[in-house]
Amino acid sequence: FFFSSRRRHTRYIGDWSSDVCSSDLYLVKVTKQVSRIMSNLKIWITSFLLAFNCSIAFGAQYNTIEWIDLLPPDDLEALLNPPEYLAEIEDGSPEDSIQSQLRNKVKANADDRYQQALQSEKIVASMDGEKIRIPGFIVPLEFENEEMVIQFFFVPFFGACLHLPPPPPNQIILVDFPEGVPLKSLYTAFWISGELKTSLVEKDIATAAYTMTMDLYEVYRDD
């Protein structure tokens, strides 16, 4: 009876010891897994913060501007105060056609500040050499392999220079980007960033009073 009882007791002790060893091994495995996860998480967080800080630092190089910032004050005032005769032109009438608007620009007299502002080549001198970020639309000029736009006019509204008369030259930026921009639709708006230059360039479809060596671009989203 004693021997039998001892065997049961020994078996009980052995089973308990075995469970303890199994628990220890389990805890060791869990500890290693947690340690590995924390190590990976630390690496990921460090990489994320580094990329985030680099993004902020890179973005901080560019001053986000609006198109009106490229207009001299007198041109802006003239465009914000159009003459009364424009209100008399009905939409879709012959006077409202592109050809008529172009003729009006040519015939603009020295006293019509509005018409002068519509074709103004005057620039904001302080913008020369500025690193800027600005939203707008692409008007393709040159392609690479018929897919990538390597030179384009950048304009403040869709259809400018194509379906609608071109904006004033001081509202057009000529952009060169040898790497090319994939343009699937003219409706797509972009942010572009780069160094702005006050340089007058004439093309067949329009004249630009500013140029840019673009550093980067991104599809437009509200900030």
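E218 is partly exposed, with a relative accessible area of 32% (partly exposed lies between buried, under 20% relative accessible area, and exposed, over 50%, with a 1.4 Å probe and protein chains only). This is a predicted model, in which local features need pLDDT of at least 70 and side-chain atom pairs count only at pLDDT 80 or more, whereas totals for chains, interfaces and linings use all residues. Residues are numbered from 1 along each chain as its sequence is written, and side-chain values use heavy atoms, with hydrogens and water left out.

The partner of E218 in a salt bridge is R133, with the closest N and O atoms 3.4 Å apart (a salt bridge being a side-chain nitrogen of Lys or Arg within 4 Å of a carboxyl oxygen of Asp or Glu). Because E218 belongs to strand 8 (residues 210-219) and R133 to strand 2 (residues 131-144), the pair ties together parts that are 85 residues apart in sequence; strands (E, at least two residues) and helices (H or I, at least four) are DSSP runs, numbered from the N terminus. R133 is buried, its relative accessible area being 13%.

## The D75–R113 pair

A salt bridge also joins D75 and R113, whose closest N and O atoms are 2.8 Å apart. The pair links distant parts of the chain, 38 residues apart, with D75 in helix 2 (residues 73-80) and R113 in helix 4 (residues 113-118). D75 counts as buried at 1% relative accessibility, while R113, at 29%, counts as partly exposed.

## Salt bridges in the whole structure

The structure holds 6 salt bridges, including one between E195 and K197, with the closest N and O atoms 3.3 Å apart. Salt bridges that share partners join D74, D75, R113 and K122 into one network.
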